[in-house]
Amino acid sequence: MKRFFKQFFRIKDTPHKIAAGAATGIFLGVLPGPGVMASIVVASIFRMNRLAAIAGAVATNHWTTIFMFPLAGAVGCFLFGGNRTSLIDQFNQIYGLGFKFLFSKEILMDIVLPLAVGFVAVSGVIALFCYILTFSLIKIHRNTVTI
């Protein structure tokens, strides 16, 4: 792990591009669905560091969804004025029914939309925090190395 962090700080790019790539990878890694490939594409389009984006996506991909689900549900319910436990109970009830029920208006507006907005909000806050932290650490590391 220590070697990984040393190599991460030795990436030949600007601190902004490295931090932005890592934050993009983390953002897309926390969201359920997209992952490494999406982070490579987005990092390429916006000229961010692709290696940092891959590292961020791999570090957070899929396993964080389990931990973020209750938080995303709470944030989505807060933003839409709903009840978190009711939302999670409704999701668990319709989960086994299949895809034909997933696209009904009630399901999309009452369950999927709050969860999706909650995931985007939680992922955005985590990515912003990671951008600031990564950018600061790279700047500090490069200032101490050059002195």
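This is a short tour of a predicted model, one selection at a time.

**Whole chain**

Count the secondary structure: 8 helices and 0 strands. Follow the chain along its sequence and the pattern reads α-α-α-α-α-α-α-α.

The accessible surface comes to about 9300 Å². Carbon and sulfur atoms hold 71% of that area. Colour by burial next. Of the 147 residues in the chain, 35% are buried.

How much of the contact set joins residues 24 or more positions apart? Among contacts with a separation of 6 or more, such pairs account for 71%.

**Stop one: Met-37**

Select residues 36-45. This is helix α3, and Met-37 lies in it. Is Met-37 buried or exposed? Met-37 has a relative accessible area of 61%, and the cut-off for exposed is over 50%, so Met-37 counts as exposed.

**Stop two: Thr-134**

Move to helix α8, residues 105-146. Pick Thr-134 within helix α8. Its relative accessibility is 12%. Buried means under 20%, so Thr-134 falls in the buried class.

In sequence, Thr-134 and Ala-22 are 112 residues apart. In space, their C-alpha atoms are 7.9 Å apart.

**Stop three: the aromatic pair**

Stay on helix α8 and show side chains for Tyr-131 and Phe-135. The structure holds 1 aromatic pair. The ring centres of Tyr-131 and Phe-135 are 5.9 Å apart, and the ring planes meet at 15 degrees. Why is this pair called stacked? Planes under 30 degrees apart count as stacked, and 15 degrees meets that cut-off, so Tyr-131 and Phe-135 qualify.

Tyr-131 and Phe-135 are 4 residues apart in helix α8, which means a separation of about one helical turn.

Tyr-131 has 23% relative accessibility and counts as partly exposed. Phe-135 is also partly exposed, at 28%.

Technical notes
Residues are numbered from 1 along each chain as its sequence is written. This is a predicted model: local features need pLDDT of at least 70, side-chain atom pairs count only at pLDDT 80 or more; totals for chains, interfaces and linings use all residues. Side-chain values use heavy atoms; hydrogens and water are left out. Helices (H or I, at least four residues) and strands (E, at least two) are DSSP runs, numbered from the N terminus. Buried means under 20% relative accessible area, exposed over 50%, partly exposed in between (1.4 Å probe, protein chains only). Contact means heavy atoms within 4.5 Å. Accessible areas come from the Shrake-Rupley method with a 1.4 Å probe; for residues, only the protein chains shown count as cover. Rings of Phe, Tyr and Trp (its six-membered ring) pair if their centres lie within 6.5 Å; planes under 30 degrees apart count as stacked, over 60 as edge-to-face and the rest as tilted.
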